[in-house]
Amino acid sequence: MSNIIKTVNLSKSFFLKKNLNILKKISIEIKKGELVALLGPSGSGKSTFLHMIALLDQPSSGEIYFEGKKTSLMNDVEKDQMRGKKISIVYQQNNLLNDFTSLENVAIAMISSGKNKEFAINAAKKILKKVGLSKRLEHFPSDLSVGEQQRVAIARAAINKPQLILADEPTGSLDQSTSREIFNLFLKFKSQNRSIIYATHNRELADKADYKLKIIDGNIRRSNE
Ligand code: ADP
Ligand code: MG
């Protein structure tokens, strides 16, 4: 079983006065170890798609399989567990906890998955070092640059070594060299047979993916552009 994610006729509509069909019967498969760029104009449904795959939002119809398991049959507790251990999402806005330091923001993700505090703190230091933030461990989010905040968010998403990382424009506010560092982290995950789907408008980063998926008019296609 080499699929991490498979969607079958996955659709999402929002109802605001009239029905908006954002995603229409999307059937795709993402394999283990694949690094996939998700493209599409603003408003095309990239975030909507990633939130559904992260099991944060219900599809209007269709099914998502995670490692071959139907996710529609999972209850909220099971979904929470999946999200804690197997799937991580990095949001467009980084969602850090403002009253906690960088180190705490990252360590908490591991503590809440059941690891002891000392172990989590050590792991958090290590991964923050990898994203170039060894000297920002005690900073609060408000004292970090936007790019640094985003790197903390990525460290937090990666600390539990999830099978799947979903990143919603993770490098949107980063300079070129930091974007490359983040991308190198993605390559590292890939080398560990983990999968990454990242929404991006950055052509250079999109071109480095194994392949690109593009959302156009509610459909997703592989893109060679
Ligand atoms: P992208 O991430 O590609 O910019 P989104 O997935 O955020 O696009 O949004 C896709 C479309 O769905 C947009 O037109 C947006 O206005 C609409 N949309 C997203 N969330 C909601 C919601 N909760 N209610 C109504 N419309 C929504
Ligand atoms: Mg978005």
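Modeller: Helices (H or I, at least four residues) and strands (E, at least two) are DSSP runs, numbered from the N terminus. This is a predicted model, where local features need pLDDT of at least 70, side-chain atom pairs count only at pLDDT 80 or more, and totals for chains, interfaces and linings use all residues. Residues are numbered from 1 along each chain as its sequence is written, chains are lettered from A and ligands numbered from 1 in the order in which they are written, and side-chain values use heavy atoms, leaving out hydrogens and water.

Let's start with Ala199, which belongs to strand E8 (residues 195-199). Ala199 counts as buried because its relative accessible area is 0% (buried means under 20%, exposed over 50%, partly exposed in between, using a 1.4 Å probe and protein chains only). Leaving aside residues up to four places away in sequence, Ala199 touches Leu38, Lys46, Leu50, Ala167, Asp168, Glu169 and Pro170 (contact means heavy atoms within 4.5 Å). Asn9 is 190 residues from Ala199 along the chain, and their C-alpha atoms are separated by 21 Å.

Now compare two helix residues. Arg151 sits in helix H5 (residues 146-158), and Arg151 is buried too, with a relative accessible area of 11%. Beyond residues up to four places away in sequence, the contacts of Arg151 are Val131, Gly132, Leu133, Thr178, Glu181 and Ile182. Lys126, in turn, is found in helix H4 (residues 117-130). Lys126 has a relative accessible area of 62%, so it is exposed.
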